[in-house]
Amino acid sequence: MFYQIGDAMIQRTGLNLVLWIGVMSLLVLLTGCSRSTPAMTRLDDSDVILAFGDSLTYGTGVSSEFSYPSILAGRIGKTVINEGIPGELSKDGLPRLAEVLEQHHPQLVIICHGGNDFLRKQSVEALENNLKQMIQLVREQGAEVMLIAVPEPNLLMLSDAEVYSRVAESMNVAFVDHILSEILSDNALKSDTVHPNAQGYQHLALAVESVLSEVNAI
């Protein structure tokens, strides 16, 4: 009887130990997966925001007042310059960014680039390097950076391309994730297969505004 009770206690202790290890492992995993959002300098009313990218920034599918930079400017009461070029690859965006930084002298640059790299099956490694160089260029000009994740084309379900989270993590930049994947997964928010409609761009602008608020930029 003594040994039976002892065995039961050992089994219960072993079970509790397994549960405790499992809970602690989950906590460690969640901690490792989370990333702190870097704080930004609060933007003054006169500060300029540069929205840099391709057709998703330009606002393909809608008139200019319904592009996300225009909607964002109206919501936060600041100058947001739209420097989106439809069809541009990241390798072409990199040298162009240097030019527009010199032209506009922004305090914040929002980068949303790379969709055409996926559509044209360009190297993901090259895209990652181009995005990092873009961020470095912005910082060399004394501005801060925000990165918007772009989904990778998928026949089953759209999701953010992993390269964006890697770049955001390694470069420690403010990060707007999931929103474009959600928008482009909803036919009610699209003007065509790869571009939002006016409501979709509004969702994007709201997501950017939310992150700007989170990092104390506005």
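Predicted model: local features only at pLDDT ≥ 70, side-chain atom pairs only at ≥ 80, totals over all residues.
Residues are numbered from 1 along each chain as its sequence is written, and side-chain values use heavy atoms, with hydrogens and water left out. Local features need pLDDT of at least 70 and side-chain atom pairs count only at pLDDT 80 or more, while totals for chains, interfaces and linings use all residues.

View 1. Helices (H or I, at least four residues) and strands (E, at least two) are DSSP runs, numbered from the N terminus. Of the 218 residues in the chain, 44% are buried (under 20% relative accessible area; exposed is over 50%, partly exposed in between; 1.4 Å probe, protein chains only). Among contacts (heavy atoms within 4.5 Å) with a separation of 6 or more, 75% join residues 24 or more positions apart.

**View 2. Helix α3 (residues 68–76) crosses helix α9 (residues 198–214) at roughly 50°, with the axes coming within 8 Å.** That angle makes α3 oblique to α9. Axes are lines fitted to C-alpha atoms, for helices over the stretch in contact, and angles run from 0 to 180 degrees between N-to-C directions. Angles under 35 degrees count as roughly parallel, over 145 as roughly antiparallel, 65 to 115 as roughly perpendicular and the rest as oblique. From α3, Tyr 68, Ile 71, Leu 72, Arg 75 and Ile 76 take part in the contact; their partners in α9 include Tyr 201, Ala 205, Val 208, Glu 209 and Leu 212. The residues of this contact divide into eleven nonpolar, one polar and two charged (Ala, Val, Leu, Ile, Met, Phe, Trp, Tyr, Cys and Pro count as nonpolar, Asp, Glu, Lys and Arg as charged, and the others, Gly among them, as polar).

**View 3. Helix α7 (residues 162–171) has Val 163, Tyr 164, Val 167, Ala 168 and Met 171 as its buried residues.** Down the axis of α7 these residues fall within an arc of 130°, so they line one face of the helix; the arc is that of the directions from the helix axis to the C-beta atoms. Their cover includes α5 (115–119), α6 (124–140), β4 (144–148) and β7 (174–176). Just after α7, Asn 172 has a positive phi of about 55°.

**View 4. Leu 43 sits in the loop between α1 (2–33) and β1 (48–53).** Leu 43 has a relative accessible area of 10%, so Leu 43 is buried. Not counting residues up to four places away in sequence, Leu 43 touches Ile 49, Lys 78, Gln 107, Leu 108, Ala 217 and Ile 218. From Leu 43 to Asn 216 the C-alpha to C-alpha distance is 8.6 Å, across 173 residues of sequence.
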